[in-house]
Amino acid sequence: MAKRATLPEPVKLTWSAAPDGGVEGTLSVRRQPSFPVNVVWTSDTAFIFESAPHPSNALDEQVVTRGVVHFKSDSLEGTFDARPTTYKGRTLTGSFMVGRSS
């Protein structure tokens with residue numbers, strides 16, 4: 001059963017070029033440690049990122065987060081799901097919008 005985030009949480013995505021030519025970054029959510037993410041698929045209008053296992057305060061266990069992100073003018077809009085690394089029947093899902101900053 002999915003657990004849906006109900007209150008907005010500030011999210012920060014930071015991207016850079018990876019040594020292998022791909023894209024890597026970090027994702028930060030308030031009151032949680034940042035975790036690394038890698039872009040695993042891209043097109044001219046969207047990309048998919050995936051994290052290594054990391055702790056989730058909301059689910060109180062290790063999860064892998066995957067997101068589908070669409071380019072919208074000067075922002076990014078997408079959906080995500082955080083799935084436990086061991087099956088316990090709980091998944092955290094939601095959507096987000098991130099604006100560009102310097």
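With which residue does arginine 66 form a salt bridge, and how far apart are the closest N and O atoms? In this predicted model, the partner of arginine 66 is glutamate 50, and the closest N and O atoms of the two are 2.4 Å apart. The pair connects distant parts of the chain, with arginine 66 in strand 7 (residues 61-72) and glutamate 50 in strand 5, 16 residues apart. Arginine 66 is partly exposed, at 35% relative accessibility. Glutamate 50 is likewise classed as partly exposed, its relative accessible area being 30%.

A search of the whole structure returns three salt bridges. Another of these joins arginine 90 to glutamate 61, with a distance of 2.9 Å between the closest N and O atoms. Here too, distant parts of the chain are linked: arginine 90 lies in the loop between strand 8 and strand 9, glutamate 61 belongs to strand 7, and 29 residues separate them. Arginine 90 has a relative accessible area of 36% and is therefore partly exposed, whereas glutamate 61, at 11% relative accessibility, is buried. A further salt bridge is formed by aspartate 81 and arginine 83, whose closest N and O atoms are 2.9 Å apart. Aspartate 81 has a relative accessible area of 19%; since the buried class covers values under 20%, aspartate 81 counts as buried. Arginine 83, at 47% relative accessibility, falls in the partly exposed class, because exposed residues are those over 50%.

The secondary structure of the protein chain consists of nine strands and zero helices. Along the sequence this gives the pattern β-β-β-β-β-β-β-β-β. The protein chain has 102 residues, 34% of which count as buried. Of the contacts in the protein chain between residues at least 6 apart in sequence, 25% join residues at least 24 apart.

In soluble globular proteins, nonpolar side chains tend to be buried together. In the present model, the largest nonpolar core is made up of twelve residues: Leu13, Leu27, Val29, Phe35, Val37, Val39, Phe47, Phe49, Val69, Leu76, Phe96 and Val98. Two or more residues of this core come from each of strand 3 (23-29), strand 4, strand 5 and strand 9. The most, three residues, are given by strand 4. Valine 39, one of the core residues, touches Trp15, Val23, Phe47, Ile48 and Phe49 when residues up to four places away in sequence are not counted.

Val23 is also touched by alanine 18, as is Glu24, again not counting residues up to four places away in sequence. Alanine 18 is located in the loop between strand 2 and strand 3. With a relative accessible area of 13%, alanine 18 is buried. The C-alpha atoms of alanine 18 and asparagine 38 are 8.9 Å apart in space, while the two residues are 20 residues apart in sequence.

The second largest pocket has a volume of about 480 Å³. Its lining comprises 20 residues, and those nearest the pocket centre are Leu13, Trp15, Leu76, Gly99 and Arg100. Of these, Leu13 and Leu76 are also members of the largest nonpolar core. At least two lining residues are supplied by each of strand 2 (11-17), strand 4 (35-42), strand 5 (46-51), strand 8 (75-84) and strand 9 (91-99). Strand 2 provides the largest share of the lining, with four residues. By residue class, the lining of the second largest pocket contains nine nonpolar, eight polar and three charged residues.

Backbone geometry was also examined. Most residues other than glycine have a negative phi. Aspartate 60 has a positive phi, near 60 degrees, and is not a glycine. Aspartate 60 sits in the loop between strand 6 (54-56) and strand 7, and with a relative accessible area of 68% it is exposed. Serine 73, also not a glycine, has a positive phi of about 55 degrees. The loop between strand 7 and strand 8 holds serine 73, which is exposed, with a relative accessible area of 82%.

Terms used:
Residues are numbered from 1 along each chain as its sequence is written. This is a predicted model: local features need pLDDT of at least 70, side-chain atom pairs count only at pLDDT 80 or more; totals for chains, interfaces and linings use all residues. Side-chain values use heavy atoms; hydrogens and water are left out. On a 1 Å grid over the protein atoms alone, a cavity is a set of points where a 1.4 Å probe fits but cannot get out, and a pocket is an open set with protein on both sides within 12 Å along at least five of seven lines; lining residues have an atom within 4 Å of a point. Grid points are joined across faces, edges and corners, and a volume is the space filled by probe spheres set on the points. Ala, Val, Leu, Ile, Met, Phe, Trp, Tyr, Cys and Pro count as nonpolar, Asp, Glu, Lys and Arg as charged, and the others, Gly among them, as polar. A salt bridge is a side-chain nitrogen of Lys or Arg within 4 Å of a carboxyl oxygen of Asp or Glu. Buried means under 20% relative accessible area, exposed over 50%, partly exposed in between (1.4 Å probe, protein chains only). A nonpolar core is a set of buried Ala, Val, Leu, Ile, Met, Phe, Trp, Tyr and Cys residues joined through side-chain atoms within 4.5 Å. Contact means heavy atoms within 4.5 Å.
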